[in-house]
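Student: I would like to learn how to read strand pairing in a model. Please begin with the terms.

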Amino acid sequence: MHSEPILVIGGGLAAATCVTALREHGYTGELTLVSDEKHLPYERPPLSKDFLQGNSGLADFTVADDDWYRTHEVQLHLGVAAESIDRAGRTVQCTDGRILEYGQLVLATGSRANTGQGLPGSELPGVHVLRTVDDARTLRQVLLEGTRVAIIGSGWIGMEAAASARQRHAEVTVVSPSTTPLAAALGEGFGSYLTGLHRDAGVRLVLDTRVNRIEARGRELILHAGDRQISADTVLLAIGASPNLELARDAGLETDDGVVTDASLRTSDGRILAIGDIARSFNTRLRRQLRVEHWDNAIRQAKLAASTLTGGDAEYDWYPYFFTDQFDLGMEFVGHRLDGDTEVVRGNRQEGQFIMFWLREGRISAAMNVNIWDVNDSLRALLGRQVAPDRLADTSIPLDQLADR
Ligand SMILES: Cc1cc2nc3c(=O)[nH]c(=O)nc-3n(C[C@H](O)[C@H](O)[C@H](O)COP(=O)(O)OP(=O)(O)OC[C@H]3O[C@@H](n4cnc5c(N)ncnc54)[C@H](O)[C@@H]3O)c2cc1C
C-alpha cells in the first residue's frame with residue numbers, strides 16, 4: 001500500500017472522515033491531521049439543533065475520540081493553522097513554526113460564517129455568528145426564556161436557529177430580504193409551508209426587509225431596517241458562509257468559488273486533493289462542477305478521497321443530499337432541483353407527512369421526504385426516471401413500483 005506521508009488539513013467532518021477511511025482502506029503510512037480548532041473534529045449539524053437547545057454535548061457528535069487517533073497512529077496537531085503550502089518542496093508551514101512534509105495532501109478547510117462586514121454594528125458585543133461549537137456554546141448561554149433574539153437571514157442556519165431558540169422559549173424575530181424563507185433552495189410551495197410552521201410556533205418573520213445597521217442603545221441592540229426599528233437583546237447573523245480558500249489560492253491551485261477538482265477530487269496539482277465544503281468538483285452524474293455545503297457531501301467526498309489516495313478509481317457520481325430538522329419537522333432532500341422544475345406533492349401537506357418530487361422535462365430531478373422515514377433510498381433510485389405526475393401523487397402506488405411503467 002502507498003506509504004508516502006499523507007497530510008490532511010482541516011478539523012471538520014471531511015478531514016476526520018478522510019483519516020478514518022484511510023485507515024479502513026488499509027493505508028498504514030504516516031498520517032497527520034492539522035486543525036486550527038482546539039477540539040477534536042466534530043460534526044456541525046447539532047450546533048443549530050440539539051446542542052443549541054441544550055439537549056446534547058460535544059462528545060455526542062465528535063467524529064472519533066482521542067483513543068481512536070492514538071491507536072490508529074494518526075498525528076493530531078490541534079489549535080494549529082496551516083499557513084502556506086510549498087508545492088515544489090511538498091511541505092506545509094504551520095502557525096506553530098512546524099514544517100510538515102507530505103507525499104499527498106488533502107485540503108478540507110471548510111467554510112467560515114459571513115460576519116456581516118460592511119453592515120455597520122455587526123462587530124458589536126451581543127452580535128453572534130454560528131459556525132463552531134464555541135459559537136454555539138456562547139449563543140446557547142444567552143438564549144434563555146424571554147430573551148429577545150433577532151436573527152438576520154432566513155437560510156438553513158437562520159431558520160434552524162429560530163426553531164431552536166423558540167424551543168428555549170426565547171422571543172424570536174427573523175429579518176430577511178427574502179419574501180419566502182428557503183424558497184430559493186426548495187421552491188415557493190415548500191418555503192411557504194415552512195414559513196407557516198415558524199409563524200404558528202411564534203416566530204415573528206419580518207420579510208422582504210434588509211437590515212442597514214445595528215446600533216447599541218444601552219443594553220439593547222437596535223436593528224435599523226428602512227424606517228423600521230427592531231429591538232433585541234441578542235443578534236445572530238445567519239447570512240451565509242464562505243469557503244476557506246486562501247491556502248489553496250496562495251499555493252496557486254485553481255479556484256472558482258471553491259477549489260476546483262476533477263471527479264476523483266484531485267486539484268490542479270495531482271498530489272493535492274480537496275474535499276467537503278471547499279471543493280468544486282466534477283460530478284459525473286450531473287456532468288457539471290458542483291460545490292455542496294452539506295454534511296453528507298463531507299462524508300462521501302472524504303471516503304472517495306481515501307479511495308483515490310489508496311489507488312481506487314471511484315468517481316464523484318452521486319446526487320447531492322441534505323437534511324434539516326425544525327420543530328417537529330424532519331426532512332431529507334436528494335437530487336438537483338432547479339428553478340422552473342415542476343413540483344408534485346405526494347400525500348397531504350397539511351397533515352405534515354408528505355413527499356415532494358420535482359420534474360424536469362418529465363424526469364424526476366429531485367425528491368424530498370418530510371416526516372416520512374426510511375424512504376430516501378427509494379427516492380434516490382427514482383431520480384432521472386420518467387414517471388407521470390399523477391402516478392407520483394398516487395399514494396396507493398408503492399414508491400418502488402412508481403417507475404414500473
Ligand atoms: C450550524 C450548522 C448546522 C448545519 N446543519 C446541517 C444540516 O442540518 N444538514 C446538512 O446537510 N448540513 C448541515 N451543515 C453543513 C455541514 O456541517 C457542513 O457541510 C460540513 O461541516 C462541512 O464539513 P467540512 O469538513 O468540509 O468543513 P468544516 O466543517 O467547515 O471544517 C473545516 C475545518 O477546517 C479548519 N480549518 C480551516 N482552515 C484551516 C487551516 N488553514 N489550517 C487548519 N485548519 C483549518 C476549520 O477551523 C474547521 O475545523 C451545518 C453547518 C452548520 C455550521
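Tutor: Two strands pair if DSSP finds at least two bridges between them. Helices (H or I, at least four residues) and strands (E, at least two) are DSSP runs, numbered from the N terminus. This is a predicted model, in which local features need pLDDT of at least 70, side-chain atom pairs count only at pLDDT 80 or more, and totals for chains, interfaces and linings use all residues. Residues are numbered from 1 along each chain as its sequence is written, and side-chain values use heavy atoms, with hydrogens and water left out.

Student: In S26, which residue is the bridge partner of Met-331?

Tutor: Strands of a sheet pair through backbone hydrogen bonds, either parallel or antiparallel. Here Met-331 has Val-370 of S26 as its bridge partner. Five bridges link S23 and strand S26 (residues 363-370) in the antiparallel sense.

Student: How many bridges does S23 form with strand S22?

Tutor: S22 (residues 321-326) and S23 are antiparallel, with six bridges between them. One of the pairs is Gln-326 with Leu-329 in S23. The hairpin of S22 and S23 has two residues between the strands, and Phe-327 there takes a positive phi near 50°.

Student: Is strand S23 mostly covered or mostly open?

Tutor: Buried means under 20% relative accessible area, exposed over 50%, and partly exposed in between (1.4 Å probe, protein chains only). In S23 (residues 329-335), seven of the seven residues are buried, and the strand is mostly covered.

Student: In which order do S4, S5 and S6 lie in their sheet?

Tutor: The order is S4-S5-S6, in an open sheet of three strands with antiparallel pairing. Strand S4 (82-86) and strand S6 (99-101) are the edges, each pairing on one side only. For angles, axes are lines fitted to C-alpha atoms, for helices over the stretch in contact, and angles run from 0 to 180 degrees between N-to-C directions. Neighbouring strands of this sheet are turned by 25° against each other on average, direction ignored. Strand S5 (residues 91-94) is joined to S6 by three bridges, and the two run antiparallel. Thr-91 has Glu-101 in S6 as its bridge partner.
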